[in-house]
Amino acid sequence: MGATGDGLGETRARVPAPGPAGADAVLLGFVRALRAAGVDASAERMYAFLRAVSVLRPGVRADVHAAGRATLCGGPDDLERYERVFAAYFGATGGAPARPAVRTPPPPRPRLRARDAAADGRTAGERDPLGPPAAALASSTEVLRHRDVAALDAGERAQLHRLLAAFALRGEARRSARRRPARRGEVDPRRTVRELLRRGGEPARLRRHARVDRPRRVVLLVDVSGSMAPYADALLRFAHAAARGGRTEVFTIGTRLTRVTRELSHRDPDLAMAAVAAAVPDWRGGTRLGELLREFLNRWGQRGMARGAVVVLLSDGWERDDPALLGAQMRRLHALAHRVVWANPRKARPGYAPTAAGMAAALPSVDEFVEGHSLAALERLAAVVRGARSGAVPGMGASR
């Protein structure tokens, strides 16, 4: 990577190629956040974005924003998500940075990277005349993505909440019985006959149709018991973002089963969390997973909510009642659902083994067992719900 400089008198200095915390890692982390928000940022678009940033001025926020907007967004629906993720990932700004009054020859274009104040010849109290580089804000976000939610302070939690608000969760695609007009596919006899009649029997092009792909329903069961208290708020905000998709149902489980899909329908995350807090009577209580799973299956799941759905349990697996009951209900659930995913925040801890009685009883009926302790883990969970396997969740080099 070349020299750094902002065109206001900084000297050029050679720097090593950026590593995982450097410019490329920052930009790739931004693309991952966009994918988690539902933007179809394929590998081809990602490489176009990286090329555009290298040609423009990587240290200028407006240029990074314009490069991403032009290369990563595939349609009007992506623009709102892009703006929301960009503001959360690179930090909000009150306006464009000030420009020098005298036009000067274009300086060497720096790579976007987190810069150290001492390396730039400034003291800790001085500010860059062009404002903080986007990478300085984004690099902290990249670190935050991998931090355990339970270890975050108030400021980091606020930043996490902004990133979670940009999430989107869609179930794995399934082939529906409905058909739509298409250029390729089976011949549509009705439309073909109508076209022939309209032409008075003259030869006409064959009309074709194809089946429509629709996302499967997603059902989230969020554990709000005492052992899950450090993670419950973040997981419910993840569920709030997922519920905006329209085909997601959310329940809380502890000592009681509570359906909170309606409470999470509020567009504002804080209002949604307040509504959930008022509706859920068993915060930080015990855990009766087997009994509550049986109640869910008898009342909702067996009647159709779990049939063919992707069911996600977000829990540490601690069970107060008989583990055999949980094992039996998990087998019922597995027979109904398309896939059963279990996200356990404790799984990321060194030396973890699913030896708790409840977790051990449930695992034989779980299709995917993943972590759920951080933003990056929730991004991987979203990919698994969309159809990826936990051992082969798409990385930055693969199209979603």
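Residues are classed here as nonpolar (Ala, Val, Leu, Ile, Met, Phe, Trp, Tyr, Cys and Pro), charged (Asp, Glu, Lys and Arg) or polar (the others, Gly among them). The model is predicted, with local features requiring pLDDT of at least 70 and side-chain atom pairs counted only at pLDDT 80 or more, while totals for chains, interfaces and linings use all residues. Numbering runs from 1 along each chain as its sequence is written, and side-chain values use heavy atoms, with hydrogens and water left out.

By these classes, the lining of the largest pocket comprises 15 nonpolar, five polar and 13 charged residues. A pocket is an open set of points on a 1 Å grid over the protein atoms alone, where a 1.4 Å probe fits, with protein on both sides within 12 Å along at least five of seven lines; lining residues have an atom within 4 Å of a point. The largest pocket holds about 750 Å³ of space, a volume being the space filled by probe spheres set on the points. Of its 33 lining residues, Ala37, Gly38, Arg81, Ala168 and Arg170 lie nearest the centre. Helices α1 (23-36), α4 (76-90) and α8 (229-243) each contribute at least two lining residues, and the largest share, four residues, comes from α4. Helices are DSSP runs (H or I, at least four residues) numbered from the N terminus.

Helices α10 (residues 289-305) and α11 (residues 323-336) pack at an angle of about 30 degrees, with their axes 8 Å apart. Axes are lines fitted to C-alpha atoms over the stretch in contact, and angles run from 0 to 180 degrees between N-to-C directions. The helices α10 and α11 are therefore roughly parallel (angles under 35 degrees). Their contact (heavy atoms within 4.5 Å) involves nine nonpolar, five polar and three charged residues.

Terms used. Parallel < 35°, antiparallel > 145°, perpendicular 65-115°, else oblique.
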